[in-house]
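Here is a short report on helix packing and aromatic contacts. Keep the structure open while reading.

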Amino acid sequence: MQKANRTQQKRSLVYKPYLKGNWASRLAARRGLKILGYQGIFVFFYIFVGQALMFDSLPLRLVTNVLILAALGGLLYMDGMKTGEEDVAYAEIAYTRQESGQVIPKEERDRCFHPLKGVFTVLMGMLPLVLIGIALALTAQPLRHHLGALPSWLEGYRTRADIGLALSYYNETTGMGVVDVLRIIVRLLLFPFVNIVGTDSPSGLLWLERLSPLLILLVPMAYAYGYSLGRKARAMVHGSIADDQKRRVRRERKERKRRREKEPTQLV
């Protein structure tokens, strides 16, 4: 019984021919701005919510931050699949027009579906952030701990020759350099990963910085994966339409059979 129900719930897939578009185009590059905008929204989300996810327990940090990453990736995945399905629908129409003898211009072919177009969109949108990650990865060094402020009760010992030299280290100040700015940007982009590793693990943070160009692309690539499934999503739409037509035909047959059974038998 359960197997029969699962068979009934399974959707049919009906693939129709379509005109394959160009994987790289201005349209795909402009769509990358939306991916970049998503990333900006995610950063603001991390700023306001990220501190609440910094638990002392590693398993708890791992679960909560992985769930956040999965939710953000799921959002991009659904958006990518929706865009891919729309491009396939456009490509099917373009294919029909081409088969009827019409010439499809490049601008319309750029609008058609290509499985790799989502990857190009993500790379174009995230290119500025990936370049920042590469710059940090090439210059990342283990962080050194600096002395804090000199306690007030030691201020009077600065002029003493025997311990004044040791206290002089508190006078050393280091300004914020380019690497520090890059580190702040990258850590905001990778806030969930930073939460998982923890700020008390210099070696772990160093590896995050060195792998940052790849980690920055990890969640946005969910859009590319969703887009690549656009043809399957479109086939599901056609399958649903075909299944509805089959069910309508079966209902009409049952209705005609029921009417025939109700008709009085004529005597010959």
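## Helix packing and aromatic contacts

H2 and H3 pass each other in a right-handed crossing. The model is predicted. The axes of H2, residues 26-49, and H3 come within 12 Å. They cross at roughly 160°. An angle over 145 degrees counts as roughly antiparallel, and H2 and H3 are therefore roughly antiparallel to each other.

Which residues carry this contact? On the H2 side, Arg31, Lys34, Ile35, Tyr38, Phe42, Phe45 and Tyr46 take part. Their partners in H3 include Ile68, Leu69, Leu72, Leu75 and Leu76. Asp79, Thr83 and Asp87 of H3 also belong to the contact.

H3 itself covers residues 58-99, 42 residues in total. From first C-alpha to last, H3 reaches 59 Å. That is close to the 62 Å expected at 1.5 Å a residue. Just after H3, Gly101 takes a positive phi of about 100°.

H3 also meets H11, residues 221-228. This crossing is right-handed. From H3, the contact uses Gly73, Leu76, Tyr77, Asp79, Gly80, Met81, Thr83, Gly84 and Asp87. From H11 come Ala222, Tyr223, Tyr225, Gly226 and Tyr227. The axes of H3 and H11 come within 6 Å and cross at roughly 35°.

Now the rings. A search of the whole structure finds seven aromatic pairs. Tyr18, Phe113 and Tyr227 form one aromatic cluster. Tyr227 is also one of the H11 residues in contact with H3.

Two arginines sit over aromatic rings, as tabulated here.

| Charged residue | Ring | Distance from ring centre |
|---|---|---|
| Arg111 | Tyr90 | 5.0 Å |
| Arg210 | Trp207 | 5.9 Å |

Arg111 lies over the face of Tyr90. For Arg210, the charged end sits over the ring of Trp207.

How values were computed
Residues are numbered from 1 along each chain as its sequence is written. This is a predicted model: local features need pLDDT of at least 70, side-chain atom pairs count only at pLDDT 80 or more; totals for chains, interfaces and linings use all residues. Side-chain values use heavy atoms; hydrogens and water are left out. Rings of Phe, Tyr and Trp (its six-membered ring) pair if their centres lie within 6.5 Å; planes under 30 degrees apart count as stacked, over 60 as edge-to-face and the rest as tilted. A charge sits over a ring if NZ of Lys or CZ of Arg is within 6 Å of the ring centre and within 35 degrees of the ring normal. Helices (H or I, at least four residues) and strands (E, at least two) are DSSP runs, numbered from the N terminus. The expected span of a helix is 1.5 Å times one less than its number of residues. Axes are lines fitted to C-alpha atoms, for helices over the stretch in contact, and angles run from 0 to 180 degrees between N-to-C directions. Angles under 35 degrees count as roughly parallel, over 145 as roughly antiparallel, 65 to 115 as roughly perpendicular and the rest as oblique. A crossing is left-handed if the near helix is turned anticlockwise from the far one by less than a right angle, and right-handed if clockwise. Contact means heavy atoms within 4.5 Å.
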